[in-house]
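Subject: Model handover

Hi,

Here is the structure I promised to pass on to you. Please have a look, and then read on for my notes.

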Amino acid sequence: MNDDVTKRVEALLKQMSLAEKAGQLAQISGADWNQGPQPEEIIRERGAGSLLWLNDTKRFNALQKIAMEESPSKIPILFALDVIHGYSTIFPLPLAMASSWDPSVAEQAQAVAAKESRAAGLHWTFGPMLDIARDARWGRIVEGAGEDPYLGSAMAAAQVRGFQGDDLSDPERILACAKHFAGYGAADGGRDYDPVYLSEAQLRNIYFPPFQAAVRAGVGTFMSAYMDLNNVPASGNSWLMNDVLRGEWGFDGFIVSDAFAVSNLAIEGFARDKKDSALRSLNAGLNMDMASNSYIENLEALVKDGSISMEQIDALVRPILSIKIKMGLFENPYVDETLLEKVAALPEHWQAARSAAQRSMVLLRNEGNVLPLSNELKNIAVIGPVADWMEATEGPWMVFGHQPNAVTVLQGLRNKLPDAKITYAPGPDIRRDIPHPFGEFDATAKRPAQKPEDAEAAFKAAVEAARNADVVIAVMGESHDMSGEFASRGSLDLPGRQEELLKAVSALGKPIVLVLLNGRPLSINWAAENIPAILEAWQPGSEGGNAVADILFGDVNPGGKLPVCFPRNGNHAPLYYARVTTHAPESSPNYRSRYWDSPTTPLYPFGFGLSYTTFSISNLKLSSSQVKIGQSLTVTADVTNTGKVAGDQVVQLYIHQKWGSDSRPMRELKGFERITLQPGETKTVTFQLGPDELGYWSTNAGKWIQDTASFDLWAGSDSLASLHAEFEVTA
Ligand code: BGC
């Protein structure tokens with residue numbers, strides 16, 4: 001903290017009552033379902049650190065006015081909301097943006113989201129979500145960057161830069177929040193909120209790195225996770241918050257709990273009651289209580305009975321005040337109520353969303369070069385339940401009150417080929433078996449269930465539409481309430497009767513393309529063998545339909561790569577490439593017997609994605625075949641576009657430490673670069689491997705180490721890369 005900020009914080013602390021300090025440690029609910037004391041009342045009496053679940057510019061100003069004019073110390077409120085992949089302009093899902101393997105895509109998207117949401121009066125978003133997720137059944141896999149800590153760290157830093165910029169006082173940026181600290185992605189069985197058991201080595205080598213990258217990028221706030229981590233709930237976990245985050249990483253911002261996570265400590269069988277919950281979270285270093293009012297209700301009693309000292313409380317309040325000062329909120333607490341309409345969904349924002357969607361899509365299959373399609377086509381059938389569904393094009397986690405406004409795939413195709421006959425037949429509807437508990441996100445509750453006879457008629461109509469067309473574009477996948485929070489699944493199959501419809505249509509023998517709109521890897525085993533062209537479009541946002549059409553008709557060459565592997569079956573999860581080698585490795589004849597009823601290799605590996613052109617990667621060179629502990633090695637490789645059109649390749653570098661203090665994964669991503677090449681063009685990519693890439697946290701040593709050992713190294717276009725070299729790390 002600089003001197004001036006420190007002085008202002010200390011002066012405020014001196015004048016604040018304990019009730020006001022409790023107010024600053026509280027994030028109160030602004031939702032209309034709120035049953036407790038109303039925000040006006042709380043703010044007038046003691047102020048509030050923050051308010052969430054409100055998206056109403058006028059009301060922000062009205063509440064801020066109470067804080068600035070009527071509350072005792074006149075401390076501004078931070079208005080917070082989940083702005084996850086766009087505010088007015090919706091960008092592709094975070095998992096999709098990770099598929100771009102281009103951190104600048106995520107940075108630009110979050111900069112736009114920051115600008116629009118700040119204009120609405122928000123100061124703070126609960127993002128980026130940095131949970132590594134290796135279990136595709138877990139619904140929240142959609143919110144993160146996938147399975148890998150190296151890619152995850154790059155996306156984490158980029159999103160923090162996008163939201164916050166370089167300076168917290170920037171009026172076009174918002175405060176970011178690295179969530180959910182930590183380990184939430186490893187929920188048992190992929191079931192949302194279930195307990196997590198992770199070794200310290202797994203936490204430090206796999207789950208922590210994106211969070212540490214966010215700290216290095218200057219993230220202002222953290223959110224503690226809901227779930228129980230090795231039998232200590234994350235929101236009451238002093239090791240996570242005090243020791244690792246503050247002690248080891250030097251984080252000097254503040255930590256907010258997940259919603260109601262403080263009072264949940266009692267439900268989880270950790271704390272005795274709400275008062276004990278508050279004490280356990282305060283002692284664990286959790287600054288701000290989201291929505292449960294546990295701090296407000298209990299702080300005074302806890303101080304009075306000596307359970308907690310005023311020094312401890314002041315230490316928790318300090319970073320909250322300091323961030324408000326640094327953001328300039330004391331000087332500029334209000335928002336110009338005319339700003340949003342000038343800023344929301346500007347053409348350049350939509351252009352950025354289109355480009356992000358184009359860069360995020362992954363071509364999974366293109367047998368016989370079915371794609372790109374000719375723009376001379378005259379008669380196209382579009383089938384599938386998500387082809388013309390705006391919400392399913394935008395995906396989960398829309399801000400409160402958002403009116404869907406996406407270009408659907410059907411609309412995008414019509415925009416691309418205005419003169420063609422495009423017939424749309426959605427086929428049978430898809431819906432969750434168990435409705436989503438959050439009404440706001442619930443598509444199932446909003447759409448009446450289709451009667452079986454109507455579903456049958458819709459099925460037949462889709463087949464007929466396909467029979468009469470020259471080309472069939474099947475747009476299938478998941479609705480927006482099928483991934484996200486409270487949206488885990490046991491199966492990864494296409495929901496409903498989609499695969500059955502795909503089979504019936506494919507039997508007609510027409511050229512057919514499958515476009516997937518979904519929030520997680522899907523087990524599309526049949527399609528992967530039988531549908532010649534498959535484009536993973538994810539849920540691509542406002543401009544999604546135009547971006548799909550750009551790719552299908554060859555105006556844009558797809559270059560995205562999977563940030564997660566696609567399991568063949570939900571029962572195979574968790575599945576990830578960076579496994580530790582076993583005594584029956586992949587090269588051994590016994591490898592195939594992992595299960596006797598199905599192969600356990602992924603359907604599509606991590607890092608995989610095709611292009612309309614071809615590439616070769618060659619000439620792998622190391623600056624030396626030996627490197628001393630603590631020193632760096634330079635790796636170069638040449639990439640050539642060997643095809644006929646310009647395209648992007650993501651060159652990926654993987655290493656494997658062959659032996660050491662601990663066993664190490666058979667492959668780990670340690671470098672990547674997305675480059676554009678004209679036909680015939682060659683570029684050289686360069687990677688550095690130093691102590692950060694070659695070291696790891698060792699269970700045996702109980703600390704970060706670098707071993708002397710031999711390493712394999714591969715460069716290529718996915719995690720099965722075969723271009724190989726070796727080097728040695730020496731003492
Ligand atoms: C989610 C968080 C979110 C919070 C506030 C919780 O249910 O787990 O990710 O930021 O709600 O809306």
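In which loop is the place of Trp53? Trp53 sits in the loop between E2 and H4, where helices (H or I, at least four residues) and strands (E, at least two) are DSSP runs numbered from the N terminus.

Before more detail, some housekeeping. This is a predicted model, in which local features need pLDDT of at least 70 and side-chain atom pairs count only at pLDDT 80 or more, while totals for chains, interfaces and linings use all residues. Residues are numbered from 1 along each chain as its sequence is written, and side-chain values use heavy atoms, with hydrogens and water left out.

Back to Trp53: its phi is near 65°, a positive value in a residue other than glycine. With a relative accessibility of 12%, Trp53 counts as buried (buried means under 20% relative accessible area, exposed over 50%, partly exposed in between, with a 1.4 Å probe and protein chains only). Trp397 also has a positive phi, of about 65°. That tryptophan lies in the loop between helix H17 (390-394) and helix H18 (409-416), and counts as buried at 9% relative accessibility.

There are cis peptide bonds to look at too. One joins Phe181 and Ala182, with omega about -5°; Ala182 belongs to the loop between strand E5 (177-181) and helix H8 (200-207). Another joins Ala573 and Pro574, with omega about 0°, and Pro574 is in the loop between helix H23 (544-552) and strand E17 (615-622). As background, most residues other than glycine have a negative phi, and most peptide bonds are trans.

Now the chain overall. It has 24 helices and 26 strands, and 63% of its 731 residues are buried. The C-alpha atoms fill a box of roughly 75 × 65 × 45 Å along the principal axes.

Next, helix H3 (residues 39-46), where Pro39, Ile42, Ile43 and Arg46 are buried. Seen down the axis of H3, they fall within an arc of 100°, so they line one face of the helix (the arc is that of the directions from the helix axis to the C-beta atoms). Their cover includes helix H2 (18-24), strand E1 (26-29) and helix H13 (294-304). Just after H3, Gly47 takes a positive phi of about 75°. In the loop between E1 and H3 is Pro37, partly exposed with a relative accessible area of 41%. Leaving out residues up to four places away in sequence, Pro37 touches Ile42 and Asn293 (contact means heavy atoms within 4.5 Å).

Finally, helix H12 (residues 274-283) and H13 pack at an angle of about 85°, their axes 9 Å apart (axes are lines fitted to C-alpha atoms, for helices over the stretch in contact, and angles run from 0 to 180 degrees between N-to-C directions). That makes H12 roughly perpendicular to H13 (65 to 115 degrees; under 35 is roughly parallel, over 145 roughly antiparallel and the rest oblique). Among the residues that meet are Leu279 and Leu282 in H12, and Tyr295 and Leu299 in H13.

Best wishes
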